[in-house]
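Please walk through the structure shown here, looking at how its parts are placed and which of them touch.

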Amino acid sequence: MNPAMNKEPVHPVTEDDVRTFRRDGVVRLEGVVDLEWIELLRRGVDKSLAQHGPLSTVQTRDGEAGFFLSDICMAQQHEEYREFMLNGPAPAIAARLMDSARINFFADTLWVKDSGTAKRTRWHQDQPFFWVDGHMCVIWFPLDSVALDSALEVVRGSHRWGKQYAPELSKDGRELYGAAKTASFERMPDISAEREKFDIAAWPVEPGDCIAFDGLTVHGAAGNVSGERRRRAVSTLWLAEDARYAERPSPGRPHFEGHGLKPGQAMDSGYFPRVWPRAGRLEPQGYARFSDPDLRITN
Ligand SMILES: O=C(O)CCC(=O)C(=O)O
């Protein structure tokens, strides 16, 4: 890694950005990441595409146009992602937006849609997929120019609706926890059918920008129909200091076993590495997350 690559955002996250994030549950930050980081992540994505990871899903089914691949926890496999999660600028952004003295790494996810892919990423909240209570945020980094018609779409203010929606899988709409077990969750409204009822934010973005949103913010993403090239994005998921290990009706996505946490305990251990504050460079070998062969992650 080039030691000159930014470990904090290229320019500071402003008070106004923080206010927007709190109020809307989403904020777009322009030009906060060195393009060298983006190049590094692209090299990681090349590896993920050359050999699909053990937790990846081809979201497009037979007969569906294009190609849509998602993956989870690529940092477990590839140093390019690992380096970005531990030593990149995202933890500083998460700490500032969530006003958290400590940030722990939860997971990373990949979203690749080839040109000609009609399939959307379903409307969802991220947090109900995970065994996490308390605050968390997601920071989505585009690795290509993304036009409005293939953008991430976010419902402003939905993190404050006080609702948790049943997680459904983008591939086929299946309920993650199974129909019988999702009684404690509400059903996601059909936002695409009633777009005018919702305050939907979307932006064209460039590599180096990011979109940060609350773990409970409702979002989805268009396909990549008019784009002439592949649309690659990496999401990074960060825990605030009040995050606690939780229990859901059945395994989450991703699901972690072997970390020894009990429901209610702080998620501040080598399995969910503390990445902020950060005095110097963080080495993956220092964390059980990347070195314990007994940690089991499923999808
Ligand atoms: O990029 C996409 O298609 C969706 C991203 C997303 O839903 C997420 O990061 O949670």
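**Around Ala-107**

In this predicted model, Ala-107 is in contact with Ile-72, Cys-73, Leu-237 and Pro-254, once its neighbours within four places in sequence are left aside. Ala-107 belongs to strand β4, which covers residues 103-113, and it is buried because 27 other C-beta atoms lie within 10 Å, where 20 or more are needed for that label.

Cys-73 sits in the loop between β3 (68-72) and α3, and it has a positive phi of about 60° although it is not a glycine. Cys-73 counts as buried because it has 22 C-beta neighbours inside 10 Å. Pro-254, for its part, lies in the loop between β13 (244-245) and β14 (255-257), and the peptide bond that leads from Arg-253 to Pro-254 is cis, with omega near 0°. A cis peptide bond also joins Trp-276 and Pro-277, with omega about 0°, and Pro-277 is found in the loop between β15 (274-276) and α5 (288-291).

Turning to the helices, α4 (residues 90-98) has 9 of its 9 residues buried, so this helix is largely enclosed by the rest of the structure; among the buried residues are Ile-93, Arg-96 and Met-98. The helix is followed by Asp-99, which lies in the loop between α4 and β4 and has a positive phi near 50°, though it is a residue other than glycine. Asp-99 counts as exposed because it has 12 C-beta neighbours inside 10 Å.

Helix α2 (residues 35-50) packs against helix α3 (residues 79-87) at an angle of about 140°, with the axes 7 Å apart. In this packing, Trp-37, Leu-40, Leu-41, Arg-43 and Gly-44 of α2 meet Glu-80, Tyr-81, Glu-83 and Phe-84 of α3, and by class the contact has 5 nonpolar, 1 polar and 3 charged residues.

Finally, there is an open sheet of 4 strands, with antiparallel pairing and the order β5-β11-β8-β9. Strands β5 (121-124) and β9 (200-202) stand at the edges with a single partner strand each, so one side of each is left without a neighbour in the sheet. Neighbouring strands are turned by 20° against each other on average, direction ignored. Within the sheet, 3 bridges join β8 (residues 152-155) to the antiparallel β11 (residues 219-221), and Leu-152 has Ala-221 of β11 as its bridge partner.

Methods. Residues numbered from 1 in each chain as written. Predicted model: local features only at pLDDT ≥ 70, side-chain atom pairs only at ≥ 80, totals over all residues. Helix = DSSP H or I, 4+ residues; strand = E, 2+ residues; numbered from the N terminus. Contact = placed C-beta atoms within 7 Å. Pairing = 2+ DSSP bridges. Axes fitted to C-alpha atoms, helices over the stretch in contact; angles between N-to-C directions. Nonpolar A, V, L, I, M, F, W, Y, C, P; charged D, E, K, R; others polar.
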